[in-house]
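Here's a quick briefing to read alongside the model. Have the sequence and the 3D view open as you go.

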Amino acid sequence: MFDSLVESGSHKEDIARKGSFFLGAAAIYVVILVGLAVLSVWAYNSSLPDESLELTTMVAPVPVQQQQEQQQQKQEQPKQQEQQQVATRTELVASSLDPTKVPEHVSAVASKVPPVPPGGAVIGHSNTDVSGPAGPIGPPGPGTGVGVNTGPAPVIKDTEPEPPPPTPTPRPKPTAPISQGVLNGKAISKPQPPYPPIAKAARASGTVVVAIIVDESGRVTSAHATSGHPLLQQAAVQAAYQARFTPTLLSGQPVKVSGFITYNFVLQ
């Protein structure tokens, strides 16, 4: 039995050789994986657009125009003060309180222009005074109502009163028609109305009275039946509108009249 046994040697060298192989292979794989990761990160960064991460500060522009306006206002204020130092008058009129000024022309009408103040005045477009270096413009003081006109005397023209406007001609008021009663005798043309077939079928007959209004020319302007058979009234009214009459005169003027016209309907 012991003849078939095989004596086994030591396995340390084999295990050491295999261990070094596995360690070397693992290190190679780690290096490859790390290189691939670094390469992928670099490729992704290179594909991104170049953006600046610097912080930009927005600074409001300096209000240059406002400063220029303020400087211009400051420059104009002394000019305005200088202009207000002197009073202005549309006409130079000396004060009546000054005894050295003798008026060239005496007038009973008070001047509308205030006299020149003690500080003097210049010709301008309005009558203004000053009080102080740049004081407000105020009304003239007391005792300046009537002054001495040192300039040319105003020429007073005799103005004729305007004629009154023409009186409008009153329009004649419309007068009411004058009642004339029965107007058959004044008819120039009086067409007979046709006999309505429905009235014939109903054996309707008789007299129809139509009230009419005749204008100044003799034409009928209004007509309506006041009596008679209802089936005959419409035909009578239509015939009345076709009638013509002699114009009625009142004081030589044609006037409107009102009256009646009759139509007789007789069955045959």
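Tyr29 counts as exposed because its relative accessible area is 57% (exposed means over 50%, buried under 20% and partly exposed in between, using a 1.4 Å probe and protein chains only). Keep in mind that this is a predicted model, where local features need pLDDT of at least 70, side-chain atom pairs count only at pLDDT 80 or more, and totals for chains, interfaces and linings use all residues. Residues are numbered from 1 along each chain as its sequence is written, and side-chain values use heavy atoms, with hydrogens and water left out.

- Tyr29 sits in helix H1, residues 12–47 (helices are DSSP runs of H or I with at least four residues, strands are runs of E with at least two, and both are numbered from the N terminus).
- Together with Ile28, Ile32, Leu33 and Leu36, Tyr29 makes a nonpolar surface patch of about 560 Å².
- Patch members have over 30% relative accessible area and no salt bridge, with nonpolar side chains (Val, Leu, Ile, Met, Phe, Trp, Tyr) joined within 5 Å and like charges within 9 Å; a salt bridge is a side-chain nitrogen of Lys or Arg within 4 Å of a carboxyl oxygen of Asp or Glu.
- The accessible areas come from Shrake-Rupley with a 1.4 Å probe, and for residues only the protein chains shown count as cover.

- S7 pairs with strand S8 (residues 220–227) in the antiparallel sense, over 6 bridges (pairing takes at least two DSSP bridges between the strands).
- Val210 stands opposite Ala225 in S8.
- The hairpin has 5 residues between its strands, and Gly218 takes a positive phi near 95° there.

**Positive phi outside glycine**

- Arg203 has a positive phi near 60° without being a glycine, and lies in the loop between helix H3 (197–201) and strand S7 (206–214).
- With 60% relative accessible area, Arg203 is exposed.
- Ser251, also no glycine, has a positive phi of about 55°.
- You'll find Ser251 in the loop between strand S10 (248–250) and strand S11 (253–255), exposed at 76% relative accessibility.

- Thr248, in strand S10, is buried, at 12% relative accessibility.
- Leaving aside residues up to four places away in sequence, Thr248 touches Gln180, Lys186, Gln253, Pro254, Val255 and Val257 (a contact means heavy atoms within 4.5 Å).
- Gln268 is in the segment after strand S12 (257–265) and counts as exposed, at 98% relative accessibility.
- Gln268 and Lys200 are 68 residues apart in sequence, with their C-alphas 9.5 Å apart in space.
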